[in-house]
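Please take a moment with the sequence and the structure shown here, and keep both in view while you read.

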Amino acid sequence: MELVENHLCFGGEQRRYRHHSQVLGCTMHFSVFLPPDAGRDTPVLYWLSGLTCTDENFVQKAGAQRIAAELGLALVAPDTSPRGMGVADDEGYDLGQGAGFYVNATQAPWASHYHMEDYVVRELPELVVGLGLGEQRGIFGHSMGGHGALVLALRYPELYQSVSAFSPIAHPSDCPWGQKALGAYLGEEPEAWRNHDASLLLAGRTAPWPIRVDIGLADNFLAEQLKPETLERAALQSGSALELSRHAGYDHSYFFVASFMEEQLRFHARHLGR
């Protein structure tokens, strides 16, 4: 890893690293906030961003560092896809670079680089270990990243002790964003999408931890793309604990994310022993 930025922030450090990813076959960046006195007892909370974002959107807009410093939480924010020359892309904002959907692609041309599931679950944590942080791990995210956080936590429940999401794409098998991305990355057969759909995963298994989800009722994508009611029904079906909070007047932006970031961080802190 090469440290490319380092800023003091609320008594901790906001860092940005560059490295060559073996999993993705390209150069990647990720951001890390280290709280004051970070060490082997410091839990790590992974943030997954949404469509068109990089690792820097969360760092600059979410307002998470002050509360993370108070709670003693490290924050890790990866990019949303592989990047660079030779990496497949699409003219649309909702596919290709900036839109990896946190899956391992099986279809050409995406399968050459788009292995974001393995990157987030396996390669990135191996790099973070080198920072001398604790083994406890939580995950959360926004929109496409909310989809990623829920799906990866449900697919790998042994790796995470807490999970939450802002405005997640809750049922990608049944919305335009999800159908386009999953169809391109995994193939046109919907059966291949099931293990990457939070509502379908949650309906078939009881989550081992409570899940928190925050959505804005003025979100323009709520009805067509996000479909949080499907996640609610899935939790009821499986007997899982889902805390789904609806906030009148809030939209899909980082203004919404920043407004409820403290509540989500305190939720994670409780389940991560802080």
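The structure is a predicted model, in which local features need a pLDDT of at least 70 and side-chain atom pairs count only at pLDDT 80 or more, whereas totals for chains, interfaces and linings use all residues. Residues are numbered from 1 along each chain as its sequence is written, and side-chain values use heavy atoms, with hydrogens and water left out.

A nonpolar core is a set of buried Ala, Val, Leu, Ile, Met, Phe, Trp, Tyr and Cys residues joined through side-chain atoms within 4.5 Å, where buried means under 20% relative accessible area, exposed means over 50%, and partly exposed lies in between, as judged with a 1.4 Å probe on protein chains only. The largest such core has 68 residues, and those with the most contacts inside it are Ile 139 and Tyr 185. Helix 4, which covers residues 144–155, gives the most to this core, with seven residues; helices (H or I, at least four residues) and strands (E, at least two) are DSSP runs numbered from the N terminus. Apart from this core lies another one, of 26 residues, among them Trp 47, Cys 53, Leu 265 and Ala 269.

Which residues does Tyr 185 touch, not counting those up to four places away in sequence? Its partners include Leu 95, Phe 101, Val 103, Ala 105, Trp 110 and Tyr 114, a contact being heavy atoms within 4.5 Å. Ala 105, in turn, is in contact with Trp 110, Ala 111, Tyr 114, His 115, Tyr 185 and Leu 186, leaving aside its neighbours within four places in sequence. Ala 105 is placed in the loop between strand 5 and helix 3, and it counts as buried at 6% relative accessibility.

The charged side chains come next. Side chains of opposite charge can pair when their charged atoms come close. A salt bridge is a side-chain nitrogen of Lys or Arg within 4 Å of a carboxyl oxygen of Asp or Glu, and a search of the whole structure finds 16 of them. In one of these, Lys 180 pairs with Asp 90, with the closest N and O atoms 3.9 Å apart. This pair links distant parts of the chain, since Lys 180 is in helix 5 (residues 176–186) and Asp 90 is in the loop between strand 5 (74–78) and helix 3 (116–129), 90 residues apart. Lys 180 is partly exposed at 34% relative accessibility, and Asp 90 is partly exposed at 30%.

Another salt bridge joins Asp 174 to Lys 227, whose closest N and O atoms are 3.0 Å apart. Asp 174 lies in the loop between strand 7 (162–166) and helix 5, and Lys 227 lies in the loop between helix 7 (222–226) and helix 8 (228–238), so the pair ties together parts that are 53 residues apart in sequence. Here Asp 174 is partly exposed, with a relative accessible area of 38%, while Lys 227 counts as buried at 15%. Arg 212 and Asp 214 also meet in a salt bridge, at 2.7 Å from N to O, and both of these residues are buried. Salt bridges that share partners also join Arg 66, Glu 70, Glu 262 and Arg 266 into one network.

The cysteines can be described briefly. A disulfide is a pair of cysteine sulfur atoms within 2.5 Å, and the structure holds zero of them. Cys 175 is in no disulfide either, as the nearest cysteine sulfur, that of Cys 53, is 17 Å away. Cys 9 is buried at 16% relative accessibility, and Cys 175 is buried at 1%.

Some backbone details complete the tour. The peptide bond from Ala 108 to Pro 109 is cis, with omega near 0°, and Pro 109 is found in the loop between strand 5 and helix 3. Phe 101 is found in that loop too; its phi is near 60°, a positive value in a residue other than glycine, and it counts as buried at 0% relative accessibility. Among the residues that line the largest cavity are Gln 14, Phe 33, Phe 58 and Leu 75.

Definitions and conventions
On a 1 Å grid over the protein atoms alone, a cavity is a set of points where a 1.4 Å probe fits but cannot get out, and a pocket is an open set with protein on both sides within 12 Å along at least five of seven lines; lining residues have an atom within 4 Å of a point.
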